[in-house]
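Subject: Structure for your review

Dear colleague,

Please find the structure below, together with its sequence. My notes on its contents follow directly after it.

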Amino acid sequence: MNDAADMSRTDFQLPSGPPAAVEAGALRQSLGAWHLILLVVAAAAPMAAVVGIVPVAFAFGNGAGLPLTVVGVSLVLALFSVGYSAMSRRIVSTGAFYSYVTHGLGGIAGLGSAFVAMFSYVVVVTGALAYFAYFSQVAVAGIIGWSGSWIWFAAVGGLLVAGLGYRGIDLSFRVIAVLLAAEFVILLCLVVSIIGRLGMQAFPVKSFSFQAVGSGTPGIAVMLVFLLFIGFESAALYSEEARDPRRSVARATYGAVAVMGAFYVLTTWVTVGAVGADQITQTARGATGDLYFNLTANYLAPWVSQLMAVFVATSMFATALALHNVASRYLFSLGRQRCLPAAVGKVHTRYGGPHVASIVVSVTTTLIVAVGFLCGTSPMVGLGTVAAGLGTVGVMVLQCLASLAVIGYFRRHSEGARWPTLIAPFLALGGMGFGVILAISRFDLLSGASNTFVNALPVLIGVVFLAGAGYGLWLKVRRPNRYRQVTEQLGE
């Protein structure tokens, strides 16, 4: 089958007129490659990732070898991007992961992955809101001395995310762009200050030695570095809103990996230089949560350190908003396929976004946050860490399924060179599969909990996948016409 025939059979129609002209299925096309890169990078919360995750990787991972670990994980994700981008040039759909899995592995596996995607991203949004509430509480207490309950900060953040998500992607993008710029500016100022004071000593050669990367517990470092890149693959979800999806999605995926990889390598490397290659592990263990605040106060000024606390909160808000948009688009795609109520698949006639799906995500995350609060759960080491960790494991499982789907799709269609359609996805599957095994086996480190029940939660991902696959099997047996319509649209 040639590309033209394949595209005409599998792709959704993209809108060319104003958004008001298409109610049932067309999203507004307004995003270019750089818009997508910013949305993807924002989902990873660079500021919060550096302040909250990197010190843990220094302390319990491989210390001074962390920069080289970041390089290795970046290469694995770049390999994943090769096959993922090849699929994005043929398939234009807000279903992204589950649409790709359907194309490559069939409708039953596709619906299983759809349920996992919906579950994982909604859970991650909940974790991001809890983190936002915690860091906002800390920032406000430090600035004006008021220490109100975290639930009020969660409520404000949830309402803002709900309003911006309802309004469509254009307004969300503007807010995210401003917040993301602030994150990068303050961290780059810290990096430049360290380099200015230490010169070439800010770049210790030891960080790129095999001795350093193999020291400590490198498996934990690998798992945590994967967490730094959460959401890097989400550009494909906006393909129907991109002006040139067949090129911009691939560019955005590669660009996001390159931007985040380079930024994390630079930041971790100069951190090792500032603290000392031989002292970084012990220093990080002694001041895990305060490592970067202390460095900022020392290399910039104490007031900049206080400002950093504010930007950590806004970083989590940008992440919650970006991932809210991701979750909304998964629900929208399932609604459009009639796997959820049809109303969920509607587009706002004025704003051109999936407004009903956005409302559903807002209501669901609000309920989860409310239950967590009523149960007396901590917003940070509790709801935040557990939800973010569980959602991250789910996304990593989806990445593995997507790599398998790329191999299956191109093998069935007998097209494309072996590197992007077989070799790169296979290597990526091995690297990310290793990350999934580590994340599940050491979920206690991601969750921050020692509770046996909490650390068994990754089992839910398998349960959710089986529920989706079971629904697909039920459709195939009991509603064959409906199943055929779904899989024909998705390209089985």
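Asp-278 and Lys-206 are joined through their side chains by a salt bridge with an N to O distance of 2.7 Å; the term requires a side-chain nitrogen of Lys or Arg within 4 Å of a carboxyl oxygen of Asp or Glu. This pair connects distant parts of the chain, 72 residues apart: Asp-278 belongs to the loop between helix 12 (245-275) and helix 13 (280-286), and Lys-206 to the loop between helix 9 (169-198) and helix 10 (210-213). Helices here are DSSP runs of H or I with at least four residues, numbered from the N terminus. Asp-278 is exposed at a relative accessible area of 60%, whereas Lys-206 is partly exposed at 37%. For these classes, buried means under 20% relative accessible area, exposed over 50%, and partly exposed in between, with a 1.4 Å probe and protein chains only.

The model is a predicted one, in which local features need pLDDT of at least 70 and side-chain atom pairs count only at pLDDT 80 or more, while totals for chains, interfaces and linings use all residues. Residues are numbered from 1 along each chain as its sequence is written, and side-chain values use heavy atoms, with hydrogens and water left out.

The count of salt bridges comes to 2. The other pair is Arg-442 with Asp-444, whose closest N and O atoms are 3.2 Å apart. Arg-442 is partly exposed at 32% relative accessibility, and Asp-444 is partly exposed at 30%.

Turning to the open spaces, the largest pocket has a volume of about 840 Å³. Pockets and cavities were found on a 1 Å grid over the protein atoms alone: a cavity is a set of points where a 1.4 Å probe fits but cannot get out, a pocket is an open set with protein on both sides within 12 Å along at least five of seven lines, and lining residues have an atom within 4 Å of a point. A volume is the space filled by probe spheres set on the points, which are joined across faces, edges and corners. Of the 38 residues lining the largest pocket, Gly-52, Ile-53, Tyr-131, Met-380 and Thr-385 lie nearest its centre. Among the helices that each supply at least two lining residues are helix 7 (107-144), helix 15 (302-336) and helix 17 (379-413). By class, this lining has 27 nonpolar, 10 polar and 1 charged residues; Ala, Val, Leu, Ile, Met, Phe, Trp, Tyr, Cys and Pro count as nonpolar, Asp, Glu, Lys and Arg as charged, and the others, Gly among them, as polar.

The second largest pocket holds about 420 Å³ of space. Its lining has 21 residues, with Thr-377, Gly-382, Leu-383, Val-386 and Leu-457 closest to the centre. Helix 17 gives the largest share of this lining, 7 residues, and the classes divide into 14 nonpolar, 7 polar and no charged.

There are 3 cavities of 30 Å³ or more. The largest cavity contains about 60 Å³ of space, and helix 17 supplies the largest share of its lining, 4 residues. Phe-226 is one of the residues lining this cavity, and Phe-226 is also among the buried residues of helix 11. Helix 11 (residues 218-228) is mostly covered, with 10 of its 11 residues buried.

Yours sincerely
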